[in-house]
Amino acid sequence: MLNFTCYPTFFILVGIPGLENGHEWISTCFCIFYLLALLGNITLIGVISASPGLHKPMFILLSLLASNDTLLCTSFTPKMLCIYWFNARLISFDACLLQMFCIHSFTSIESGLLLAMALDRYIAICQPLRYGSVMTNSLIEKLVIVFLVRAVVLVGPCLIMIKRFTAFKTNIIAHSYCEHMAVVKLAAADIRVNSAWGLMVAFTITGTDLLIIIISYIMIFRAVISLKSKESRLKAFNTCTPHICVFLTLYTLAIFSFLSHRYGHGIPPYIHIILSDMYLLVPSMLNPFVYGLKTNQIREQAWKVFGKY
């Protein structure tokens, strides 16, 4: 469907072009990832909510991260599975923009929460005497408001600029969900402003948060190395290393996704799309296990909560 005189009433999501014969096993893997993400994050939210002893900044941040991960993977996975299983490829224009806003907003909030958790660990390890006065529930509320406002202010204009396009070359999106640049590339217009804004948003959020997280963990490792007890050092390393692996996975895949849409012309589309899907699903699946179940207090409370039933 070519040469729309205005924006189309619906888009057609392709899924993973080039791997149509593998949609069955790919969708099975993604479904398992999604169910594990739901199970882990909902369990984490339930345990923290039901345990008054866990109503502290660190655990509140964990529950917020779990809530955000649940919303993030739910914003695109059910529709993606419908494409693979039922060939339900149509999505209305407004629903596509809503999905785009949710995906990019929740990933922005995810990055902010990981930043807040890194700062929480930094204060707890490097400045333990100030932890109680600095990390308060009031500070958490303010940080969440900042992350929400940042997401709306930076992601919102992407939708407004897409709505201003007067013509589209096609309504076929070569992707499994409504990603910003995948939709922008369909416009029969100059898209340089949209591309520049999207790149600016990506590096404002990802670049700033990642830089602060890296600095925080460098300071944490410096403090850990100076500990006299070998057991304490190993315990701190065992706690921090999985965290680093998770956020490096998230940010590496995120940066690849941002750049490959603009400069990865030699990369096969199916590689870009699979990695983009993994970038949204895998961290949401791993976070509750890496950040939650490896924490002794949460494991103990989980046994108490489930022991009642």
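A disulfide is defined here as a pair of cysteine sulfur atoms within 2.5 Å. The structure is a predicted model, in which local features need pLDDT of at least 70 and side-chain atom pairs count only at pLDDT 80 or more, while totals for chains, interfaces and linings use all residues. Residues are numbered from 1 along each chain as its sequence is written, and side-chain values use heavy atoms, with hydrogens and water left out.

Under the sulfur criterion, 1 disulfide was counted. The bond is formed by Cys96 and Cys178, whose sulfur atoms lie 2.1 Å apart. The link of Cys96 and Cys178 is left-handed, with -120 degrees about the S-S bond. Cys96 belongs to helix H4 (residues 93-126) and Cys178 to the loop between strand S3 (172-173) and helix H7 (180-184), so the pair ties together parts that are 82 residues apart in sequence. Helices (H or I, at least four residues) and strands (E, at least two) are DSSP runs, numbered from the N terminus. Both Cys96 and Cys178 are buried; buried means under 20% relative accessible area, exposed means over 50%, and partly exposed covers the range in between (1.4 Å probe, protein chains only).

Two further cysteines were examined. The closest cysteine sulfur to that of Cys73 is in Cys31, at 11 Å, which is too far for a bond. Cys73 is buried, at 0% relative accessibility. Cys126, by contrast, is partly exposed, with a relative accessible area of 25%.

Salt bridges were also counted, each being a side-chain nitrogen of Lys or Arg within 4 Å of a carboxyl oxygen of Asp or Glu. The total was 4 salt bridges. One of them joins Lys163 to Asp94, with the closest N and O atoms 3.5 Å apart. Because Lys163 lies in helix H6 (residues 137-163) and Asp94 in helix H4, this pair ties together parts that are 69 residues apart in sequence. Lys163 is partly exposed at 35% relative accessibility, and Asp94 is exposed at 51%.

Another salt bridge is made by the side chains of Arg150 and Asp209, at 2.9 Å from N to O. This pair links distant parts of the chain, with Arg150 in helix H6 and Asp209 in helix H8 (residues 192-225), 59 residues apart. Arg150 counts as buried at 18% relative accessibility, and Asp209 is buried with a relative accessible area of 1%. A salt bridge also connects Asp190 and Arg192, where the closest N and O atoms are 2.8 Å apart. Asp190 is partly exposed, at 46%, and Arg192 is exposed, at 63%.

The packing of H4 and H8 was examined next. Their axes come within 9 Å and cross at roughly 20 degrees; axes are lines fitted to C-alpha atoms, for helices over the stretch in contact, and angles run from 0 to 180 degrees between N-to-C directions. H4 and H8 are therefore roughly parallel to each other. Angles under 35 degrees count as roughly parallel, over 145 as roughly antiparallel, 65 to 115 as roughly perpendicular and the rest as oblique. The crossing of H4 and H8 is left-handed, that is, the near helix is turned anticlockwise from the far one by less than a right angle. Contact means heavy atoms within 4.5 Å. Residues of H4 that meet H8 include Ser108, Gly112, Tyr122 and Cys126, and those on the H8 side include Ile205, Asp209, Tyr217 and Val224.
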